[in-house]
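Please read the report below alongside the model.

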Amino acid sequence: MPDADRWRDGPLDLGDPEAVGALGDVLRSVGYGDETLKKATGARGDFVTPTPNDLPIVLRQLKAGPRLAALVKLLLLNVRVPEAEAREALAPVELERLEAVGLVRRDGGEVIGQVRLVPHENFLYACDLFELEEAGKDPEYVAPVNPSSLSLDMLTVRQPVETLLDIGTGPGFQALRGSRHAEHVVATDLNPRALNYAAFNAQLNRIENVEFRFGSLFEPVAGERFEQVLCNPPYVISPDSEFLYRDSGREGDALCHEVVRQSAEYLEEGGLAQTLVSWVLADGEEWSAPLRRWVEGLGCDAFLFHFKTDKPLDTAAVQRPVLFSHDPAYIAETLDRWLAYYARIGADALGYGAVVLRRRSGAENWVRAEQLAVSRAGVAGDHVVRLFRAQDLLESLESPEAVLDERLVLEKPHTLVQRFELGDGAWGMDDASLSLDEGLGFQGSVDPPTIRLLPLLDGKRTVRDALGEVAESFGMGEPPEHREAFIKAGVPIVTRFVSLGFLTPAEG
Ligand SMILES: C[S@@+](CC[C@H](N)C(=O)[O-])C[C@H]1O[C@@H](n2cnc3c(N)ncnc32)[C@H](O)[C@@H]1O
C-alpha cells in the first residue's frame with residue numbers, strides 16, 4: 001500500500017462508521033464529557049488523562065453510576081472490565097463491532113480498551129495509550145489534547161469560512177473544532193497513525209466535512225488556497241527525533257519558520273494563518289526580533305504573540321526523557337546532550353508563542369508584537385479579530401493625533417482594580433490596573449486621568465471632547481495651551497488602549 005494511503009488501514013478500522021458514530025451517541029448520552037469526567041475522576045486542571053501512577057488513586061475515588069463507571073474504566077482508564085458489564089454499558093452498540101474496529105479487545109471473559117477516548121468540550125478524541133508514550137519507542141505515538149492544543153484553540157478565530165486547513169492534525173483536535181465554523185476542512189499529517197485516529201474521531205463525533213490527507217506540511221495541498229490555516233507543529237527544539245508529535249527533526253526552529261513562511265502562500269486574500277511557534281533567541285536578542293524576520297516580505301499583516309521565554313535548561317528539564325526517568329545518570333546525560341545542542345545552534349534562550357498572519361497582498365504590511373499571559377487568556381478569536389481591526393484603524397489615520405477625532409467605546413467585560421495606601425490621615429491611590437475579563441485578558445496600568453477618561457468614551461463624544469472634559473475636571477482646562485497639551489498627552493494612552501482592543505470604534 002502506498003504511504004499516502006497507509007493511514008486508512010489502521011490501527012483502527014474505518015469501515016464501520018455507523019457503529020463508531022453510535023458509540024459516540026452512547027458516550028454523550030451517559031455524560032462522558034470533560035466536565036462530568038473531571039468530577040467523576042477527581043481530575044484537576046484542563047485534562048482528564050491520568051498517568052499510570054495516578055490510576056490507582058483515580059480508581060479508588062471514581063464517582064459515577066455503574067454504566068458511566070464501566071465506560072470510563074474501559075475507554076479512558078484502560079483497565080479490564082468484565083465482559084457482561086462492558087456489553088451492558090456499550091449497548092445498543094455491539095461489543096463485537098467495536099472489537100472489529102479495533103477499539104476494544106476481549107481476553108478471558110474481560111474487555112480491555114485499545115485506545116484512550118478523551119473528551120474535551122463537546123468532542124471525543126481517540127488517542128494512544130499512555131504506556132506507548134512512556135515506553136518512548138514509537139515515533140508515531142498519538143498524544144491526547146494537551147496545553148499546546150488549547151493555546152492554539154484559544155487564539156483560533158471562529159468566524160465562518162468556506163475552507164480551513166489544519167496542518168499536523170494529530171488526533172484531529174483543531175480540524176474537528178474547525179469543522180463547526182468552516183464548510184470544508186482539510187487535515188494533514190505525516191503520521192499515518194495520527195491520521196487514522198483523526199478520521200476515526202470524525203466518525204465518533206459524526207463529522208463529515210473534514211477530509212484527511214497524508215504528507216509533510218503543505219505537500220498534500222500544493223497549489224490550493226484556504227481562508228484559514230491552523231498549525232500546532234511539533235515545535236520543541238531539541239537534538240532528538242523521538243516523536244513525530246513533538247520533534248520537528250529539523251535544525252533549531254527551521255520547521256516553525258517554514259510553516260509560517262509557507263502558510264502565507266496558501267492563504268486566500270484576507271485569510272488568516274494561525275501557528276504556534278517556538279524559536280531560537282541569541283544572547284540578548286529581543287523576543288520578537290527573529291519572528292519579525294520570519295514574516296518579512298510575506299504579503300501579510302502579522303500579529304506576533306509571546307507566551308514566554310525559557311532558558312535552555314528550563315525546556316530540557318520538562319521533556320519526556322527527563323520527566324519519565326528515575327535514573328539520575330540518564331537524566332544528567334540527557335540534559336547535557338540537550339544543553340550542548342542548544343549551545344551549538346546558538347540558542348541562549350527559547351521563545352514560545354504564536355504568529356497570526358492575514359494575507360493583504362500589494363499593500364504596505366504591518367507587524368505588531370504583543371506579550372500574552374496565557375494563564376489569563378480565554379476564548380480569544382473575537383479579540384484577535386478586534387486587534388486586526390484596531391491596527392487597521394490606527395494605520396489608516398493620517399497622523400497619530402487623528403485618533404482624537406474618533407468616537408470610541410470601552411469593551412466589556414472589564415475590571416478596574418485600584419490599590420490604596422494610607423498616608424497623612426487619608427487614603428491615596430497607590431496604583432490601578434484595568435483588565436479585560438474576556439479574550440486575551442490584557443491588563444494595563446491606568447492613572448487617575450485615564451480612569452476618569454475611559455467611562456466618558458461612550459461612542460457619542462470624540463476622544464478630543466472626552467479628554468477636554470477630563471482636563472477641566474483636573475483643573476487643566478485653562479489656559480487653552482494647557483488644555484491642548486493635556487489632550488495631546490492623551491494620544492499615546494488612547495492609542496495603546498485601542499491597539500490592545502480595550503477601545504473600539506463606536507458602531508456606525
Ligand atoms: C503538536 S502535534 C499537534 C496535534 C494537534 N493538531 C493538536 O493541536 O493537538 C503536531 C502534529 O504534527 C505532525 N507532524 C510532524 N511533522 C509533520 C510534518 N512534517 N508534516 C505534517 N505533520 C507533521 C505530528 O505527527 C503531530 O500530529
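This is a predicted model: local features need pLDDT of at least 70, side-chain atom pairs count only at pLDDT 80 or more; totals for chains, interfaces and linings use all residues.

Residues are numbered from 1 along each chain as its sequence is written, and side-chain values use heavy atoms, without hydrogens and water.

The domain bounds come from an automatic or database domain assignment.

| Domain | Residues |
|---|---|
| domain 1 | 3-126 |
| domain 2 | 147-307 + 350-396 |
| domain 3 | 400-505 |

Taken over C-alpha atoms, the centres of domain 1 and domain 3 are 53 Å apart.

Helices (H or I, at least four residues) and strands (E, at least two) are DSSP runs, numbered from the N terminus. Helix α2 covers residues 17-29. Its buried residues (under 20% relative accessible area, 1.4 Å probe, protein chains only) include Ala19, Val20, Leu23 and Leu27. The buried residues of α2 pack against α5, α6, α7, β4, β5 and α11, where contact means heavy atoms within 4.5 Å.

His326 sits in the loop between α15 (320-323) and α16 (328-344). His326 counts as exposed because its relative accessibility is 75%, the cut-off being over 50%. Its C-alpha lies 60 Å from that of Gly425, 99 residues apart along the chain.

Among the residues lining the largest cavity are Pro234, Tyr235, Asp253 and Ser278; a cavity is a set of points on a 1 Å grid over the protein atoms alone where a 1.4 Å probe fits but cannot get out, and lining residues have an atom within 4 Å of a point.

Methods: On a 1 Å grid over the protein atoms alone, a cavity is a set of points where a 1.4 Å probe fits but cannot get out, and a pocket is an open set with protein on both sides within 12 Å along at least five of seven lines; lining residues have an atom within 4 Å of a point. The expected span of a helix is 1.5 Å times one less than its number of residues.
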